Amino acid sequence: MCGCAKDIAIMITGIYENGDTEPHFDYCEDIGDGRGFTAGIAGFCTGTGDAWMVIEEYKKLTGSYGDFEAMATDLEKYAKDGSDSTSGIENYCKTWESLGKSDKDFQKAQENIRDQQNYDPAEAASNKLGLKLDVSQGQIYDTGIQHGAGDDADGLLSLIDETNKSFTSDQAGDSGSTLTINGYQVDEIVWLKKFMDVRVSHLKSPKEKDNQSGNAWAKTTYRTDSYSNIIEQKEYMWTSTVKLLDNDAICRIDQLESADIASSDGSSSKNLFDATPIRGVNIGGVFLIEPFIRPSLFDQFLLTHNATEAPIDEWTFSATLGKEEAKKQLEQHWDTFVTKDHLEAMAQYGINWIRIPIGYWAFNLTQDEPFVDGQVQYVERLLGWAREIGLKVELDMHGAPGSQNGFDNSGRRGTPRWLLDRKNVDRTLDALEKMTRLAVEWDDVVYGIQILNEPSRWKWPVEEILRFYNEAYAMVRGITKDMYFMVHDTFLGPNEWPTLVSSNWTNALMDTHLYQMFDNYMVSINESMHINMVSEMTKDITVFDRTNIGVVVGEFSAATHDCTKYINGFGKGSRWEGTLEGTDHPSCPFETCACTGDYGSDYTQFSEHYRRFLKRYIDAQLVVYDRAIAGWFYWNFRTESAPEWDYLLGVEQGWIPRFPRAAVPLADESSSNSLEVANTEFGDLQSSATPGSGAGVVPIHTTIALVLFSLLAISIV
């Protein structure tokens, strides 16, 4: 195996090891697996010797240890002793990361040792067997990485020997390549399938005691499952390139990034959830104001009103100010709170969609309502910027007459009255029709229509909501056939979603909003439980996504507490501190519950630990939302004082990734759909390190491995 095929094999293993296909020369951390620091493109560890080999190789290439000089004595000792100590090498990761980002010699040193320790022994084993197919050699390489290339009980050579002993007669096949095993003629794919069976048996029941810790190996059988998928497609040889759907034939595996991607027959389509993931951000709090997004708009009333009499939503904001002053303040808000610079920054960070929430009163306002209109010209300005920048848009009907849920995000907090009067439904459909016609005028920009945000299943029977959905579908499809028709799940679980949809809908998406801080239990759990909760909350989503209706997470954030000012509504307290009406005690996971420091509004006071947690929590969510379903929209693009809800701030501060994204150091699987973060800093999670190779391995979600050549839209030619 050589050239492009070798690169592909290394990248497939990179998916298992680091969560994506890019070589992460600058990756470094202590994952708590008893091997010291784990770093670089092959999980080189200070406690197993291969990290020291990289540093020695770097010295051969450059003549010195460079910035590792002060640590060299300790590093050599820990390598020889097999020690996981980090004493005296506290700056190791900082040094590794710095050199890994830009020093070509250091990157070359990593590649040399990876090949010397992993690729070359695997290639030698393949040559000795007479393997000719790239898929076979790729599996041998991956086995060597995880199990080690030696002859210990679980090592590559032992697995090969065990496989060979099972053949006691000729075994025919159709691969076109035949091996001589124990004097018998064995088809290469027949041999490979048997080898993978043997490997799986060792993953489930390792022979070496060191490999049995935490049952970690048993959770990584997807490393053979994905190869079985390749075999089923008969993609035995990776002869030249991996061709992406945009006809960019290159020697790499990657997710599709172009804004407009042709389908396999060369035609274009708005139906993109089977190609490019939606990577979106909400432009919330602009055309429907919310107190927590821009509290200054509401705090002005505390100077003139008692807290109990101050406005709590856009309805009372406008009623208190009167139409003239309300329009003056809101026009200034519409004009300045979101700018072209914001959209350009998001595009630079890899965002390809925006979701624009709009209240019904922008399209259907009666004289007796205090709301003001005039939003549409600013919405169109936003659409113009999106066109210039190359962003796709979803228009979202965020508030309905009478309020569909009673939340301030509907424009009117209090008892919802939407379905109590048919006139409200008719006005909603009228506003939706006007919004849809606006979308059609901008059909090169607007790709989706969300007919209503978060209608309340607690207030309205599901069959009544479905009746409205079907009326809205008929109306929208009477205007446009190919825009996404998007409905909200009303906070029902995925198993109940079929009651909210119709089988005859086409090009439809289910919108679900996933937050972990709006009830007492959620705010009371610790950080590792929040990360593990991602799998609980998403375990059935990917199954539904494979029906005729896709799934998009239309709202999520980095928040796991409700300390954010006004997040529960203007003038309301928090569950965290026990000050929210209806709570009688604090519900945070600590002995002392205070909305300060890591849980305050000043991100400059966040600890490094909390910043790392925010990154891990976002990564845990995105590994599902970005790869296993249609996509996602972060809530929100910006805020005045809510750091965990502020996308632009999160990217700038490093807890939200840019795309193409960095490595996602994830997982441990406790079930086929579970996710855990292999970092003991956030709890007692077992690391997924694989002792046989000395590499600190951090595998990813099974789904990604299983659909490696389909979800990523790859065809090998």
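The accessible surface of the protein comes to about 27,100 Å², of which 46% belongs to carbon and sulfur atoms; such areas come from the Shrake-Rupley method with a 1.4 Å probe, and for residues only the protein chains shown count as cover. This is a predicted model, in which local features need pLDDT of at least 70 and side-chain atom pairs count only at pLDDT 80 or more, while totals for chains, interfaces and linings use all residues. Residues are numbered from 1 along each chain as its sequence is written, and side-chain values use heavy atoms, with hydrogens and water left out.

The predictor's confidence in each residue is its pLDDT, from 0 to 100. The protein averages 84, and 84% of the residues score at least 70. Over residues 661-717, however, the pLDDT is below 50.

The protein holds 22 helices and 16 strands, which are DSSP runs (helices H or I, at least four residues; strands E, at least two) numbered from the N terminus. Of its 717 residues, 60% count as buried, where buried means under 20% relative accessible area, exposed over 50%, and partly exposed in between (1.4 Å probe, protein chains only).

Strand β4 (residues 178-181) pairs with strand β5 (residues 184-187) in the antiparallel sense over 4 bridges; two strands pair if DSSP finds at least two bridges between them. L179 and I181 form the covered face of β4, while T178 and T180 form the uncovered one. L179 stands opposite V186 in β5. Between the strands lie 2 residues, and N182 takes a positive phi near 55°.

Another strand, β14 (residues 550-555), contains E555. This residue is buried, with a relative accessible area of 5%. Its side chain makes a polar contact with the side chain of Y515 (2.7 Å); a polar contact is a pair of N or O atoms within 3.5 Å, of which, within protein, one must be able to donate a hydrogen and the other to accept it, and residues adjacent in sequence count only if both atoms are side-chain atoms.

Rings of Phe, Tyr and Trp (its six-membered ring) pair if their centres lie within 6.5 Å; planes under 30 degrees apart count as stacked, over 60 as edge-to-face and the rest as tilted. By this rule the count comes to 50 aromatic pairs. The rings of F68 and W96 have centres 6.2 Å apart and planes at 70°, so this pair is edge-to-face. Both F68 and W96 are buried.

How values were computed. Contact = heavy atoms within 4.5 Å.
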